[in-house]
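User: Could you take a close look at one part of this model for me, the place where the ligand sits, and walk me through what is around it?

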Amino acid sequence: MDRDPSFYTERTIASWDEAAPIHRQINSDLVAKVASPAFNALEPDFDTLVSEFDLQGKSVVQVCCNNGKDLLSIGKKGAGRCLGIDGSRLFIEQARELASAAGHPQMEFACCDIYQLPERYRGSFDFAVITVGVLNWMPDLCRFIQICASLLKPGGRLLMEEIHPVLNMYEEGEPSHIAQSYFDRRPYRDDGGLDYFTGRKYQARENYYFQHTLSDILTAAISTDLALCSFRELGKNVGNYCADLERTECVPPMAFVASWQKSS
Ligand SMILES: C[S@@+](CC[C@H](N)C(=O)[O-])C[C@H]1O[C@@H](n2cnc3c(N)ncnc32)[C@H](O)[C@@H]1O
């Protein structure tokens, strides 16, 4: 990486702000849906992982929470203090609106670049949660995982569902196909927009994403005080990227769910 990480994160966050009104319009039914006590936006495999833990009254932080729908789902399972952190001011506004509509106005949301996270949140949470579509925005993966671990109390858990790094090798198409090296570490610049719901391209502000290998992810966690507790690879479309691959004969690893525990 030839530039300071903030060069990338500032531009990426601005492109998420630009995408926020588009996502809001596409998901306009969410405001009504979150009002249901049964609302649960968690992808089923991540829901299963979350269900293995007793969340009652526990404090939960979601890093890069976007519009907060996943955190809200966890709040509805009985969690106590819930904090969502995201760099996009406009997505944080949507998260506050959804929390109110859901009858959880006490949920907290903080708008900041995760690399600039204020000290006051450190060591406060029983659970830290990361759901699909976060790691690829991080120019410095080790520091990112360190920050996530620092949010946890001793013995706290990091729960993650992410796109599998192997999927980063693929380009969308009919069929989706391998187009780049698994080990390509160059920042990837994109200005085709962030409408991953309909796949529509628009002339957008530039954003930058990064490929991290599975060993990058696992060693980033080892280098903090996080011990791997579970790890499961999935041949399922969880991020609406190269979705056709889950129906092919030779299904690649497409996602994973994992949990870590911080030392006590
Ligand atoms: C794909 S979305 C996550 C979606 C989430 N899994 C969900 O389903 O709601 C990625 C989020 O990461 C946020 N993000 C990207 N880079 C960030 C950074 N450096 N600091 C804080 N948030 C960041 C974006 O604003 C965006 O909301």
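Analyst: Let's start with a pair of facing residues: I85 stands opposite A110 in β3. This is a predicted model, so keep that in mind throughout. The strands involved are β2, residues 82-86, and β3, residues 108-111, and they run parallel to each other, paired over 4 bridges.

Now to the ligand itself. The residues around it number 20, and D86 is among the closest, along with K69, I114, T131 and V132. D86 belongs to β2 too, as that strand covers residues 82-86.

G87 uses its backbone here: one of its N or O atoms is 3.0 Å from a nitrogen atom of the ligand. N66 has a polar side-chain atom 2.9 Å from a ligand oxygen, and for D70 the distance from a polar side-chain atom to an oxygen atom of the ligand is 3.3 Å.

How much of the ligand does the protein bury? Taken alone, the ligand exposes 600 Å², and 96% of that is buried by the protein. As for who builds the shell, two elements give two or more residues to it: α1, spanning 5-26, and α4, spanning 69-75. The largest share comes from α1, with 3 residues. By residue type, the shell splits into 10 nonpolar, 6 polar and 4 charged.

What does the record say about this stretch of chain? UniProt, in an unreviewed entry, places a feature called "domain: Methyltransferase" at residues 60-156.

Two backbone details from elsewhere in the chain are worth a quick look while you have the model open. E174 and P175 are joined by a cis peptide bond, with omega at about 5 degrees; P175 sits in the loop between β6 (170-171) and β7 (177-178). Then there's N240, which has a positive phi of about 55 degrees although it is not a glycine. You'll find N240 in the loop that connects β10 (226-234) with β11 (255-262).

Methods:
Residues are numbered from 1 along each chain as its sequence is written. This is a predicted model: local features need pLDDT of at least 70, side-chain atom pairs count only at pLDDT 80 or more; totals for chains, interfaces and linings use all residues. Side-chain values use heavy atoms; hydrogens and water are left out. A residue is near a molecule or strand if one of its heavy atoms lies within 4 Å of it. A polar contact is a pair of N or O atoms within 3.5 Å; within protein, one must be able to donate a hydrogen and the other to accept it, and residues adjacent in sequence count only if both atoms are side-chain atoms. Accessible areas come from the Shrake-Rupley method with a 1.4 Å probe; for residues, only the protein chains shown count as cover. Ala, Val, Leu, Ile, Met, Phe, Trp, Tyr, Cys and Pro count as nonpolar, Asp, Glu, Lys and Arg as charged, and the others, Gly among them, as polar. Two strands pair if DSSP finds at least two bridges between them. UniProt positions are given in the numbering used here, feature names are shortened, and annotations may be inferred rather than shown by experiment.
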